[in-house]
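Please read the following note with the model open beside you.

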Amino acid sequence: MTHHAPNLRAEKISGGVATDRRHDSAHKHVTGTAVYIDDMPEPAGLLHGCLGLCTVAHAKILSMDLDAVRMAPGVRLVLTGRDMPASNDISPTGRRDEPVLADGLVQFHGQPIFAVIAETREQARRACRLAKVEYEELPFITDVGETDGRNGKMVTPPLKLERGDASSAIASAPRRISGQMRCGGQDHFYLEGQIALAVPGEDQDVTVYSSTQHPSEVQHMVAHVLGVPSHAVTVEIRRMGGGFGGKETQGNQFAAIAAVAAKKLHRAVKIRPDRDDDMTATGKRHDFLIDYEVGFDDEGRILGADFHYAARCGFSSDLSGPVTDRALFHCDNAYFYPAVKATSAPLYTNTVSNTAFRGFGGPQGMVGAERIIDEVAFAVGRDPLEIRKLNFYGVGERDVTPYHQTVEDNVLERIVAELEASSDYERRRREIAAFNANSPIVKRGLALTPVKFGISFTATFYNQAGALVHVYTDGSVHLNHGGTEMGQGLYVKVAQVVAEEFQIDIEQVKITATTTGKVPNTSATAASSGTDLNGMAAQNAARQIKDRLIDFAAEKHGVPKEQVVFLPNRVRIGNQEIPFADLVKQAYMARVQLSAAGFYKTPKIHWDRDKGQGHPFYYFAYGASCSEVSIDTLTGEYVVERTDILHETGKSLNRAIDLGQIEGGFIQGMGWLTTEELVWDEKGRLRTHAPSTYKIPLASDRPKIFNVALADWSENVEPTVHKSKAVGEPPFMLAMSVLHALSDAVASVADHRICPRLDAPATPERVLMAVERVRREAGA
């Protein structure tokens, strides 16, 4: 790559804020030259690890004969839970319920019980097959439907949100409905699987290259297992091939085992499980069983709502507490409930411990909200969109959430009105009715659904970030921050913020790999807050240096500070202009510090979990989508004919990146609600552990017509970085329009008299069964 010479006469810089800049690694992604951990040059003497997985769902280990494993060709070390130097626990919540390697007791089919380190990956994998393990099998539960959904064993304390008296409101309402909904889980299916490469250093030191969204947590976990201070462990990650929440806590195990082996053998160790083992042994999106009761009037106004969200959490707590909390935070989606009660049940099951996944429980919460809207609409015989609009949060009234936070930035009505017009909703609703009347087999459906998603970590202390900015004497800039890049475009957005601050071309800003050695105590890149937090921290660092340069220039040239103005690639000082690099060189010669550590913490937020009250979200992100589907009522197969999306990201830092996130989020959400189904058999085995049995959306599954627009009038009411809004998670929930369009198509077989109660994922089998059920109930 040739050196970029700044244009000193430019009207504006290249790649500043609010420019449609491509992803900084896009050209490398499509040409295969982006370096992921498995592409890094391998250290001399590198060894490879493989995990030995148990073959029962719940059992005591009576004996484990690993002699044949140790004697296998190429094997250098076999580790069990008892070989962990200081601790065999990697529970992210400190509950001591998640072993590195299970010792004495296994709690799900496929739980790692030993690890083999060998000269080659193939040798390690083959050796794993030679273990002889005797079990005393114990009773097991894989499905929350088999448990007591309210009083079953829980992995973490439940939450209750309450405002008003929901039971009285429901009891006194003119009309009432209750029901139950099942909402499936989802595998992350990141393109790059889990991987860790540990390189031993001198004394206690170890460097771990880990595909993780949370380098600081990996650092702490590795230090905890090794029994060394955090300063002895450095964790680095340049990029992940997708994360989606699946690399927030799940990388800890692989990093810890690789580090332990590397320190024991004094050789570098890499662990990269194959896709089957990865899908079997790592956590997924929580599936929920949602019980609901709603009271409403004859118009369809909701008067009271009561929800119970029971989640399959797996064998340990992992992040199930905050995930099930967030499900309750979104049981309202976009709707005001005059009286509401919502409770969670994070239930223990003998399955892999479920974890973070894009939306973090929020999507499952919203699906419950949209189900009751559907129920009410069918009960009063109105279009579900009318019922949605009737129950929207108001502005200045009807604006308090179930957790007692006031919604202060509501733009729902404008977004929905604009989308309703741009998608031709009314005309298409009439056309579809006419089409269905004349089409006995293929039926069409249409739905328009809103999204209101709260932005911030619900654990308040996570809402902080650090950044490190160096300006070198040639005017080039080195940028580092605690956020991680997983394809979402965080690195380029933060670089845009720094370029804008110094008024230099983005080519002058070097984006460097995230490492615990440069920015400490970072939060996970999650909760959609990567740009909000790290962009502000980087801006803070750049401003510190900029202020020093202004002070220096004003003093050196004898002009007031306000006469020092940063222009594109140059600085005006009084009535003269000099290149940015020249000012930097002068400042260096005058011994001005050209490096700064930036910091940011989100203001205004607080949350009292015991009371179920507070202001947990800094702001909300809004969007809406309108989808049309056609279903074959003989087979249940379907096609998404068209989707229109209008989503707001405040004043967008980079429209190109934001549109990519919206399109990708929608398709991933559509997969969750339609074709992606997790199946456990009677022995507690996950049967959908490879692309052959687990169906993510293909390019051919996308809507035939796909119109995505940003609300260009939007601006964040809070002082976020350049008034932008988060974009990682909110678009995921836009896919609810597909589920409800399928429901609408199913309902047409009985003239929209019966609520289809279509559960997710709405596979062709479920759609077909719903068609048959609705016909049967209607007597058709």
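1. In which helix is the place of Glu370? Glu370 is found in helix α9, helices being DSSP runs of H or I with at least four residues and strands runs of E with at least two, both numbered from the N terminus. This is a predicted model, in which local features need pLDDT of at least 70 and side-chain atom pairs count only at pLDDT 80 or more, while totals for chains, interfaces and linings use all residues. Residues are numbered from 1 along each chain as its sequence is written, and side-chain values use heavy atoms, with hydrogens and water left out.

2. Glu370 counts as buried because its relative accessibility is 0%; buried means under 20% relative accessible area, exposed over 50%, and partly exposed in between, with a 1.4 Å probe and protein chains only. Leaving aside residues up to four places away in sequence, Glu370 touches Asn333, Tyr335, Arg388, Thr449, Pro450, Met736 and His740, where contact means heavy atoms within 4.5 Å.

3. Two packed helices are described by the angle between their axes and the distance between the axes. For α9 (residues 362-380) and α10, the axes come within 9 Å and cross at roughly 115 degrees; the axes are lines fitted to C-alpha atoms over the stretch in contact, and angles run from 0 to 180 degrees between N-to-C directions. On the α9 side, Glu370, Ile373, Asp374, Val376, Ala377 and Val380 meet Pro384, Ile387, Arg388 and Asn391 of α10.

4. Ala538, in helix α14 (residues 530-557), is counted as buried because its relative accessibility is 0%. Apart from residues up to four places away in sequence, Ala538 touches Ala467, Val469, Leu479, Val494 and Val498. The C-alpha atoms of Ala538 and Asn480 are 8.1 Å apart, although 58 residues separate the two along the chain.

5. The count of aromatic pairs comes to 20, with rings of Phe, Tyr and Trp (its six-membered ring) pairing if their centres lie within 6.5 Å, and planes under 30 degrees apart counted as stacked, over 60 as edge-to-face and the rest as tilted. Tyr403 and Phe617 form an edge-to-face pair, at 5.7 Å centre to centre and with 85 degrees between the planes. This pair links distant parts of the chain, 214 residues apart, and both Tyr403 and Phe617 are buried. Tyr403 and Phe617 also belong to one aromatic cluster with Phe329, Trp607 and Phe620.
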